[in-house]
Amino acid sequence: MPAPLTGPAFGSYRPDEVAWLLTDLSAADLEADAALRESAIQAGRAHYAESLPVEYQPDPAYQALFDRILADTAARLAHAVGAVTELVLAERGPDVVLASLARAGTPIGILMRRWAQRFHGLDLPHYAVSIVRARGIDEVALRYLATRHDAASVVFVDGWTGKGAIARELSEALAGVRAAGGPAFSDDLAVLADPGHCVRTFGTRDDFLIASACLNSTVSGLVSRTVLNRDLIGPDDFHGARFYAEFADRDVSGVFLDAVADRFDGVVDQVRAEQPALAAADRAVTFAGWAAVERIRQQYGIASVNFVKPGVGEATRVLLRRVPWKILVREADHPDHQHLRLLAADRGVPVEVVPDLAYSCVGLVRQVHGESGEG
């Protein structure tokens, strides 16, 4: 069984904040031009997790916008972190183990761990694991967790839901592990924001801007998205990722965590007062967002829902990592979309106002081949 990776040898987070159940692929040549990569993925010649997009490096104006967004939203983020952490502890107990889905879930897992530490005196174990659409969760990582912890105590954590593809992938993957005689992990995914009604454990169902969605590795411990390339990853290896040590001078991972955690004390009373109502609320999983995505797919003549990315976080990813076609927004000047308008202008992508949009915004990937597409 491989050993976890920790900072500072891998990633910029402190070693006590997260253990990465990943294989270090920093020396591998994984990055590809976005247009060539998109063409290969959509043509079915490659899977998106076999390579990495070239990391977008923001210019000073975009970096300044991130700083402003973080300052403006830190309290709201702190409130959502508190709400979801209190929900997890109330329903799963104090002995939970956090397993964040690398990489968007990892800063959220660290913040949940900090909340539990500050207000409950708990020192929750926290691991980062890989899940890949159409490939499932890393089963070597699951075996690692099951040999060291009660599988029932593991809580999977992510940043937000879009149309619910990863929530569905997690459920199917864990059901497959159980059916094969493996350990019984819960698929009750905990997220900060659930605008698509895809999970029952969330901090909010508002489609609001999570500042960590605005950047890539430089707000995620300098770690790439995860890689599953069988030329590099053996059957007994964890899935892989790259550590971008060369971006250390631009790293704001710690800045993001500290800015949100610094607002914990200001929201804790409100979180505690609201917790019973949140716990008792109708938190049914309806995947309501999926139906909205299907309507958009039909309206715009798009071959697959995989090219429709709903929500602020997913629309941002379209602009940062994919070959974007259009950005749809419900309001022309919504303050949560300022960074989207800046990115879209920088990349020459049209922004279209759709007043009856189910999400506050949706990103559409340009279709260049076939009907597959990345998840």
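Student: What makes Cys-214 count as buried?

Tutor: Buried means under 20% relative accessible area, exposed over 50%, and partly exposed in between, using a 1.4 Å probe and protein chains only. Cys-214 has 0%, so it is buried. Cys-198, with 4%, is buried too. Keep in mind that this is a predicted model, where local features need pLDDT of at least 70, side-chain atom pairs count only at pLDDT 80 or more, and totals for chains, interfaces and linings use all residues. Residues are numbered from 1 along each chain as its sequence is written, and side-chain values use heavy atoms, with hydrogens and water left out.

Student: Why is H3 called roughly perpendicular to H7?

Tutor: Helices here are DSSP runs (H or I, at least four residues), numbered from the N terminus. H3 (residues 105-120) and H7 (residues 264-280) pack at about 80°, with axes 12 Å apart. Angles of 65 to 115 degrees count as roughly perpendicular, under 35 as roughly parallel, over 145 as roughly antiparallel and the rest as oblique, so H3 gets the perpendicular label relative to H7.

Student: Which residues make that contact?

Tutor: Contact means heavy atoms within 4.5 Å. Among them are Leu-111 and Trp-115 of H3, and Phe-264 and Val-268 of H7.

Methods: Axes fitted to C-alpha atoms, helices over the stretch in contact; angles between N-to-C directions. Helix = DSSP H or I, 4+ residues; strand = E, 2+ residues; numbered from the N terminus.
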